[in-house]
Amino acid sequence: MYLHIKNMVCNRCKMVVKAELEKLGFKPLLVELGEVTLAENITAEDKIKIAEQLTHFGFELLEDKKTQIAEQVKTAIINLVHYTREPLKINLSVYLSKHLKQEYTSLSSIFSEIENQTIEKYFIAQKIEKAKEMLTYGELNLSEIAYQLNYSSVAHLSAQFKKVTGITPSVYKLTSTDSRKTLDEV
């Protein structure tokens, strides 16, 4: 039995969901970002209990197939941008098609319908959040960040950063205010 869960964006989210399901007496076999595999089938009443419990932690049980697909796209992009250690030298449409085993045009259409934005804009927003994180920690310079996030140049990164945030990466780094968003808010 699979459960699709919205707002699972990190390893701590996975731990919380697993712990809460176990508290309710369920046996999660596998807990991934956005999806849980249970050992047993559950009833409609069980789903209501699970949904109510997870809501306390900011999660949402997804029933609608299109919403599930949009969340799977978001989860795949979050994994790619935030949890892949290698530079993002990848074709996004090919990656999503292979990862989700669906045509990119179908994924794109569903994502745009549900999220009111394109996959590309969401991908860029995630890359900018990752750039903010890298700038905040100060371990890499702009050239290294541009390379890690697969920008053709520092100028390209800076232009996109300014378009999304309203300020340049250099100004962001100099300001003491942290305007980073949590991944589920992007």
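Strands β2 (residues 28–32) and β3 (residues 35–38) pair in the antiparallel sense over four bridges; pairing requires at least two DSSP bridges between two strands. This is a predicted model in which local features need pLDDT of at least 70 and side-chain atom pairs count only at pLDDT 80 or more, while totals for chains, interfaces and linings use all residues. Residues are numbered from 1 along each chain as its sequence is written, and side-chain values use heavy atoms, with hydrogens and water left out. Helices (H or I, at least four residues) and strands (E, at least two) are DSSP runs, numbered from the N terminus.

**Sheet**
- The open sheet has four strands in the order β2-β3-β1-β4, with antiparallel pairing.
- β2 and β4 (60–62) are at the edges with a single partner strand each, so one side of each has no neighbour in the sheet.
- β1 and β3 run antiparallel and are joined by three bridges.
- Tyrosine 2 stands opposite threonine 37 in β3.

**Hairpin of β2 and β3**
- Two residues lie between the strands, and glycine 34 takes a positive phi near 85°.
- Glutamate 32 has glutamate 35 in β3 as its bridge partner.

**Helix α1**
- Buried residues (under 20% relative accessible area, 1.4 Å probe, protein chains only) of α1 are Cys13, Val17, Glu20 and Leu21.
- They cover an arc of only 100° around the axis, taken from the directions from the helix axis to the C-beta atoms, which puts them on the same side of α1.
- These buried residues pack against β1 (2–6), β2, β3 and α2 (44–55), with contact meaning heavy atoms within 4.5 Å.
- Glycine 25, which follows α1, has a positive phi near 95°.

Key. Buried means under 20% relative accessible area, exposed over 50%, partly exposed in between (1.4 Å probe, protein chains only).
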